[in-house]
Structure formats: structure tokens, C-alpha cells
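Please find below a short note on the structure shown here.

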Amino acid sequence: MEMTDGAGVLTQKNDYSVWAIPPEDVGERLKKLMGGLRSEFGGPEIFQPHITVVGAMSLTEQEALEKFRSACEGLKPYHAKADSVVAGAFPSQCLYLLFQSTPEVMDASAHCCRHFGYKRSNQYMPRLSLLYGTLTKEEKKAAQEKAYLLDESINGMDFQVSRLALWITDREDKGNLETWKLIAECSLSPD
């Protein structure tokens with residue numbers, strides 16, 4: 001929906017999400033795993049491996065950028081450790097890597113949610129989607145097994161999150177995710 005305010009400034013709203021971005025070496029490892037799963041089970045390409053920190057919220061780009069910058073300013077890098085590969089109930093959670101809900105991980109999400117004014121309907125579940133799609137229970141089980149064949153030590157993956165990204169993530173785009181777009185990134189400062 002495109003609107004202007006009283007001064008003629010464009011106030012179009014989109015769905016924005018905040019993602020934690022793994023380090024480059026971890027991202028490449030995950031892309032290889034995701035590509036192997038996609039080649040066998042289909043589904044759209046996931047642009048960038050990520051852990052969702054703040055789910056989709058309808059905002060103007062200016063609002064989203066202001067909230068994103070504010071959230072990044074007060075957040076320090078933190079560790080994330082993978083727990084297990086899980087099959088989910090939704091296409092965007094078809095197969096994902098579940099991360100441990102450590103105080104560091106939970107606090108980082110709560111911090112960002114406060115800056116965005118985001119209210120969760122459920123408890124935060126830190127996860128990194130490996131495969132988007134609609135699979136049967138049998139196919140999901142096969143995809144889980146394939147994930148462990150492609151990367152035997154995926155459960156022990158451990159890395160420091162030192163970058164966040166702001167993305168447009170249109171909730172209506174259920175297909176190939178072509179409307180999703182990177183808007184901004186920030187590096188978290190340890191000081």
C-alpha cells in the first residue's frame with residue numbers, strides 16, 4: 001500500500017524482519033547443505049543463511065531503518081550453538097536448524113524486539129531455515145536424514161553472531177521469495 005504523509009513523503013509499508021547472519025565460513029557451509037537439500041527435495045533458494053531475530057512487522061522503510069539502527073547500537077556480538085535439525089509445520093520452517101535458547105541468544109532477540117516494539121505470540125525459537133517447502137512427513141524425515149549425511153557435525157555448529165541484517169520479507173510471497181530484499185546490515189560492536 002503506497003501512501004504519502006501531509007508533507008508528500010512516501011509512507012509505503014512493507015514487512016521487515018531482522019536476521020542474525022552467520023560468519024562467512026559458516027554461511028558457505030550452510031549454503032552447501034541447503035543446496036544439497038534443495039537439489040533433492042526442491043523449494044526456493046534461501047538468499048542468505050540466517051537466524052530470525054525479529055519476525056515480520058509492517059513498517060515504512062524509514063521506521064524500519066531507525067529501529068534497526070537503534071537496536072544495533074546497543075547489542076554486542078553473541079554466540080549461537082546448533083542443537084538439532086527439526087522438521088516444522090510451515091513451508092518457511094519445513095526443515096530448520098534449531099539453536100539452543102541460551103540467555104545470550106534470548107536476550108539478543110528480546111533487545112531487538114523491544115526496539116521494534118515487536119510482541120511475540122509464542123516464545124522465541126531461534127532457528128535457521130535449511131529448506132522451504134511443503135513436504136510429507138516421510139519426505140521431511142528423509143530430508144532430516146539427508147541433512148545429517150551432508151553435514152555430520154551440523155548439531156555441534158557453534159559461531160559468533162556479529163552481524164545483523166534488515167530484510168523486506170513479504171509474508172504474502174509464499175513461492176519463490178523474489179520479493180525479499182536486503183535493506184541494511186550492521187556489524188555488532190564488542191564495546
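1. At what angle do the axes of helix 1 and helix 4 cross? In this predicted model, in which local features need pLDDT of at least 70, side-chain atom pairs count only at pLDDT 80 or more, and totals for chains, interfaces and linings use all residues, the axes of helix 1 (residues 24–41) and helix 4 (residues 137–150) cross at roughly 145° and come within 10 Å. Axes are lines fitted to C-alpha atoms, for helices over the stretch in contact, with angles from 0 to 180 degrees between N-to-C directions. Residues are numbered from 1 along each chain as its sequence is written, and side-chain values use heavy atoms, without hydrogens and water.

2. On the helix 1 side, Leu33, Gly36, Leu37, Glu40 and Phe41 make the contact (heavy atoms within 4.5 Å); their partners in helix 4 are Glu139, Ala142, Ala143, Lys146, Ala147 and Leu150. Seven of the residues in this contact are nonpolar, one is polar and three are charged (Ala, Val, Leu, Ile, Met, Phe, Trp, Tyr, Cys and Pro count as nonpolar, Asp, Glu, Lys and Arg as charged, the others, Gly among them, as polar).

3. The protein has four helices and eight strands, taken as DSSP runs (H or I, at least four residues, for helices; E, at least two, for strands) and numbered from the N terminus.

4. One disulfide is counted, a disulfide being a pair of cysteine sulfur atoms within 2.5 Å. Cys72 and Cys186 form it, with their sulfur atoms 2.1 Å apart. Cys72 lies in helix 2 (residues 61–73) and Cys186 in strand 8 (residues 181–187), 114 residues apart. The torsion about their S-S bond is about -80°, so the disulfide is left-handed.

5. Both Cys72 and Cys186 are buried, that is, under 20% relative accessible area (1.4 Å probe, protein chains only). Cys112 is in no disulfide.

Definitions and conventions: Buried < 20%, exposed > 50% of the residue type's maximum accessible area, 1.4 Å probe, protein only.
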